[in-house]
Amino acid sequence: MPGTDAGIRTVLDALEAFAAGHGLSKAVTWPVEVSLDEVLANVVRHGLLGRGEAATVEVELRLDLDPEPPVCEVVVTDDGPEFDPLAVPEPDTSLGIEDRPIGGLGIALVRRLMDETEYERREGKNRLRLRRRLVAMEG
Amino acid sequence: MQIGEEKQGGALVIAPVGRVDSVSSNELEKVVLSRIDGGERRLVLDLAGVEYISSAGLRVLLIAAKRLKAPPAALVLCGIGPGVRTVLKLAGFLPLFAVEAGREQALARVAGS
C-alpha cells in the first residue's frame, strides 16, 4: 500500500473482505481491524515523514482456520526510520477529562487487544507482528 | 462511514454509521466540531451503527467532551455495542462519559442537564 489515507482504507477494506469471505463475523474480527488501523495510522502519519505515495508499507494478513478458534496474524513492514511503537510508554488511562491528553492511546489499545505483539528492525525496515485468537471480546 | 443527524427538541443527535477509523474519524470530527461551533450545546452521539471505533474516534469523543463540559452543555453517548464498549473500557473512557442504553434515554438525560 502507499503511505496515504487511501492506502489505509484499501487495507482495511481488504481485511474486512478477507475475513468475511472466510465466514468470520465482526464480533471476532474487530480487534484486528482496530489494531491494524492504529498501526497503519501511526506509520502513515508519523513514521514515513510525509513521504506518502513515495513510501511503501507492506501488510501481510494470515488467517489460520485449523485451530479453534482461528488465529489471525498481521505483519506490517515499513521503510521509515527505526521506531519501535511498543517502546512508547503506556498512557495513564485513569485520568479525568480535564487532564487527558488528546491522542496517544492507539498503541496502548493494540497491546490490550492483541494476544501477541512483536517489533523488530530488520534489513533497514520496521516490522511489527500482531497476533490474535479470533474469539469475541467482552469488556 | 455515513453520519446521520437529527434535531430533537433542544438536542442534536449525531449518529455515525460504519467504521470510525483513522481516516473516517476526520469526517466525524468536522461534523461534531462544526455543530458545536454553530451553537449546539446538547449533543447525543448515537453509536448504534458503529462497526468499530479506533483511537482516532476516541479522540473526537474526548474533544467534544472537553468542549461541552460546562452545564448546561452536555454530551451523552448511547447505542454502544460490545466492541465499542470494550474499546471505551480499555481506554478508560467509560467513567468520563454520560452513557445511556438507547437514544430516548440519552435525549432525556441530555435535556435534564
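In helix α3 of chain B (residues 82–90), the buried residues are B:Gly83, B:Val84, B:Thr86, B:Val87, B:Leu88 and B:Leu90. Here a residue is called buried if 20 or more other C-beta atoms lie within 10 Å of its own, exposed if 12 or fewer do, and partly exposed in between, with C-beta atoms placed from the backbone. Helices (H or I, at least four residues) and strands (E, at least two) are DSSP runs, numbered from the N terminus. The cover over the buried residues of α3(B) includes β4 (50–53) of chain B as well as α2 and α3 of chain A. Just after α3(B) comes B:Gly92, with a positive phi of about 70°.

The model is predicted: local features need pLDDT of at least 70 and side-chain atom pairs count only at pLDDT 80 or more, while totals for chains, interfaces and linings use all residues. Residues are numbered from 1 along each chain as its sequence is written, and chains are lettered from A and ligands numbered from 1 in the order in which they are written.

Next comes chain B as a whole. Chain B holds four helices and six strands, arranged along the sequence as β-β-α-β-β-α-β-α-β-α. Its C-alpha trace spans about 30 × 25 × 20 Å along the principal axes. A compact globule of 113 residues would have a radius of gyration near 13 Å, and the 12 Å of chain B agrees with this. That radius is taken over C-alpha atoms, and the globule rule is 2.2 Å times the number of residues to the power 0.38. Of the 113 residues of chain B, 47% count as buried. Contacts tell a further part of the story: two residues are in contact if their C-beta atoms, placed from the backbone, lie within 7 Å. Among the contacts in chain B with a separation of 6 or more, 71% are between residues 24 or more positions apart.

Two helix pairs can now be described. Packed helices are described by the angle between their axes and the distance between the axes. Axes are lines fitted to C-alpha atoms, for helices over the stretch in contact, and angles run from 0 to 180 degrees between N-to-C directions. In chain B, the axes of α1 (residues 25–37) and α2 come within 9 Å and cross at roughly 10°. The helices α1(B) and α2(B) are therefore roughly parallel to each other; angles under 35 degrees count as roughly parallel, over 145 as roughly antiparallel, 65 to 115 as roughly perpendicular and the rest as oblique. From α1(B), the contact is made by B:Ser25, B:Leu28, B:Glu29, B:Val32 and B:Ile36, and from α2(B) by B:Ala56, B:Gly57, B:Arg59, B:Val60, B:Ile63, B:Ala64 and B:Arg67. Seven of these contact residues are nonpolar, two polar and three charged. In this grouping Ala, Val, Leu, Ile, Met, Phe, Trp, Tyr, Cys and Pro count as nonpolar, Asp, Glu, Lys and Arg as charged, and the others, Gly among them, as polar.

In chain A, the axes of α1(A) and α2(A) come within 10 Å and cross at roughly 160°, so these two helices are roughly antiparallel to each other. The contact between them includes A:Val11, A:Leu12 and A:Leu15 of α1(A), and A:Val32, A:Leu36 and A:Leu40 of α2(A). By class, this contact has 10 nonpolar, two polar and three charged residues.

The contact between the chains takes 25 residues from chain A and 26 residues from chain B. On the side of chain A that touches chain B, the elements giving two or more residues are α1 (5–21), α2 (26–47) and α3 (106–113). The largest share, seven residues, comes from α2(A).

Some backbone details deserve a look. Most residues other than glycine have a negative phi, and most peptide bonds are trans. Another cis peptide bond joins B:Pro71 and B:Pro72, with omega about 10°; B:Pro72 lies in the loop between α2 (55–67) and β5 (74–78) of chain B. B:Pro71 and B:Pro72 are both touched by B:Ser113, as are B:Arg42 and B:Ala74, not counting residues up to four places away in sequence.
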